[in-house]
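Here is a set of questions and answers for someone meeting this structure for the first time. Please look over the sequence and the view below before reading on.

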Amino acid sequence: MEAVIPMENTIGEKIKLLRKELKMTQAELAGSEMTKSMLSQIENNQAAPSMKSLQYIAQRLGKSPSFFLDNEKENIPVDDINKKLNKIDKLIKNFEYASAREKIEKILSAYSYDKDNKLYADILYKYGECLQDMLEFDSGEEKIKEAVKIYTGLHLTTYAARANMELIRRYYNEYNYDECLKILDESWNMYKHAVNHDSLLEIEMLFYRSLVKLADASAEEVLELIQKALDISNENGAYYKSDELYRLKALVYFVMEKYNDFLFCIKKAKQFAQFSDNYKSLSKIEISLAMYENALNNPENAIEHLKKFDKFNGKRNFGYYANLSLSYYLLKNYKEAYANILKINYKPQMYHKIDYFMLWTGKVYEGLILNKLNKTEKAIDSINFAINKLEFFDDSKYLAFAYKSLSDIYAEKGNYEKAYAAIKKAYDIRNILVKEGKIAY
């Protein structure tokens with residue numbers, strides 16, 4: 001059904017209908033040039049806009065002033081397109097990118113859009129997001145930058161900031177965290193000029209900044225950012241992203257080996273995820289709990305958490321197979337451990353530095369398992385391969401673990417010279433991390 005503005009509508013009614021179809025609040029439309037009260041009077045036919053005010057309103061709504069003065073029909077079904085965009089957003093969240101892309105391209109080709117209109121910017125933004133998820137960064141960035149330009153021209157700075165923040169995708173995928181921080185700073189500077197505060201956007205910005213900082217900042221700095229986001233979430237009562245924020249906080253404590261703090265945060269994350277029926281989040285929480293149980297040498301408990309993961313998700317990833325194989329390794333069921341470690345898909349890149357560490361640590365586990373299956377040479381090759389991958393970044397606890405594992409195998413084989421060289425390397429890395437206060441320790 002087309003969203004048609006009847007010919008007999010007054011100027012105020014046309015403004016109100018179009019504003020609502022574009023999902024703008026009165027405050028967003030009023031911006032800095034007029035008061036919300038004045039706009040309300042215009043929309044309710046209690047005051048007539050001056051030509052200057054009408055030109056201002058028309059520009060922000062992506063129309064010419066004549067649209068509100070003439071009996072012109074709107075041929076584009078705005079409301080219907082917004083509903084389709086919401087469905088497309090769900091497809092993207094479910095990783096159905098090809099289907100989402102096809103539907104967006106149909107929407108774009110179906111009508112002749114006003115290129116300075118918010119609706120057109122919304123479509124481009126969603127298109128760019130989808131293309132980036134498909135790793136087509138050049139095309140995706142082009143669409144997003146065009147959307148940002150339109151939002152900025154309409155003085156919709158909150159929308160511009162949110163879209164601009166999406167530009168971190170390429171650099172996040174390339175582990176270029178300095179560039180990510182520059183984009184987040186740029187987005188924040190856009191947002192500072194917004195007439196009204198958007199607490200949800202503020203939480204998102206802090207969440208992504210926390211993720212980026214997690215790569216190389218101190219634990220204290222990351223935890224402070226997460227807490228700021230949680231405070232905003234609690235203040236507005238929406239508890240937006242609280243499950244993800246607490247899970248991220250738990251991950252920081254897990255990496256730091258502060259397991260009591262980890263348990264407190266992961267339980268809070270689970271409460272919020274259960275409250276919102278966020279099964280994707282619940283599945284990630286079960287993986288985190290499996291990691292915790294394996295770290296404490298409780299493999300039976302870890303396997304129970306992985307069974308719960310299957311109930312919530314069903315899409316097994318490297319974290320699932322790495323933890324399952326480690327559980328079987330701790331249970332001394334080496335054949336089952338090896339069968340599961342071989343199911344890990346070693347992608348060339350992961351989305352975060354911590355993911356990268358955990359992925360290639362899977363190769364260390366593979367080496368330990370092979371050693372127990374009396375395939376010592378293959379075990380050494382596997383761990384050396386992991387070391388080569390882990391050295392892509394600076395020293396880390398994962399690299400230290402790889403060298404220690406290599407040392408254990410050499411010692412078991414009776415090659416004490418190589419065992420000593422490897423354990424010394426592990427010891428030196430640990431000392432450096434302690435002195436530098438790196439979060440990876």
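Q: What percentage of the 441 residues in the protein chain is made up of buried residues?
A: This is a predicted model, and a residue counts as buried in it when its relative accessible area is under 20%. Among the 441 residues of the protein chain, the share that is buried by this cut-off comes to 51%.

Q: How many helices and how many strands does the secondary structure of the protein chain have?
A: The C-alpha atoms of the protein chain fill a box of roughly 90 × 40 × 40 Å along the principal axes, and of its contacts with a separation of 6 or more, 61% are accounted for by residues 24 or more positions apart. The secondary structure of this chain comes to 24 helices and zero strands.

Q: Are helix 23 and helix 24 roughly parallel or roughly antiparallel to each other?
A: Helix 23, residues 397-413, packs against helix 24, residues 416-436, with the axes 8 Å apart and at an angle of about 160 degrees. Angles over 145 degrees count as roughly antiparallel, and therefore the relation of helix 23 to helix 24 is roughly antiparallel.

Q: How many nonpolar residues does the contact of helix 23 with helix 24 have?
A: The residues that meet include Leu399, Tyr403 and Leu406 in helix 23 and Ala422, Ile423 and Ile429 in helix 24. By class, this contact of helix 23 with helix 24 has one polar and five charged residues, while the number of nonpolar residues is 13.

Q: Is the crossing in which helix 19 passes helix 21 left-handed or right-handed?
A: Helix 19 (residues 318-330) and helix 21 (residues 353-372) have axes that come within 10 Å and cross at roughly 30 degrees. Angles under 35 degrees count as roughly parallel, so helix 19 is roughly parallel to helix 21. The crossing in which helix 19 passes helix 21 is left-handed.

Q: Is serine 288 buried or exposed?
A: Serine 288 has its place in helix 17, which spans residues 279-295, and, leaving aside residues up to four places away in sequence, serine 288 touches Arg247, Phe262 and Ile266. Because its relative accessible area of 13% lies under the 20% cut-off, serine 288 is buried.

Q: How many disulfides does a search of the whole structure find?
A: Cysteine 130 is buried, with a relative accessible area of 0%, and cysteine 265 is also buried, with a value of 2%. A disulfide would need a pair of cysteine sulfur atoms within 2.5 Å, and the number of disulfides found in a search of the whole structure is zero.

Definitions and conventions:
Residues numbered from 1 in each chain as written. Predicted model: local features only at pLDDT ≥ 70, side-chain atom pairs only at ≥ 80, totals over all residues. Heavy atoms only, no water. Axes fitted to C-alpha atoms, helices over the stretch in contact; angles between N-to-C directions. Helix = DSSP H or I, 4+ residues; strand = E, 2+ residues; numbered from the N terminus. Parallel < 35°, antiparallel > 145°, perpendicular 65-115°, else oblique. Contact = heavy atoms within 4.5 Å. Nonpolar A, V, L, I, M, F, W, Y, C, P; charged D, E, K, R; others polar. Buried < 20%, exposed > 50% of the residue type's maximum accessible area, 1.4 Å probe, protein only. Left-handed = near helix turned anticlockwise from the far one by under 90°.
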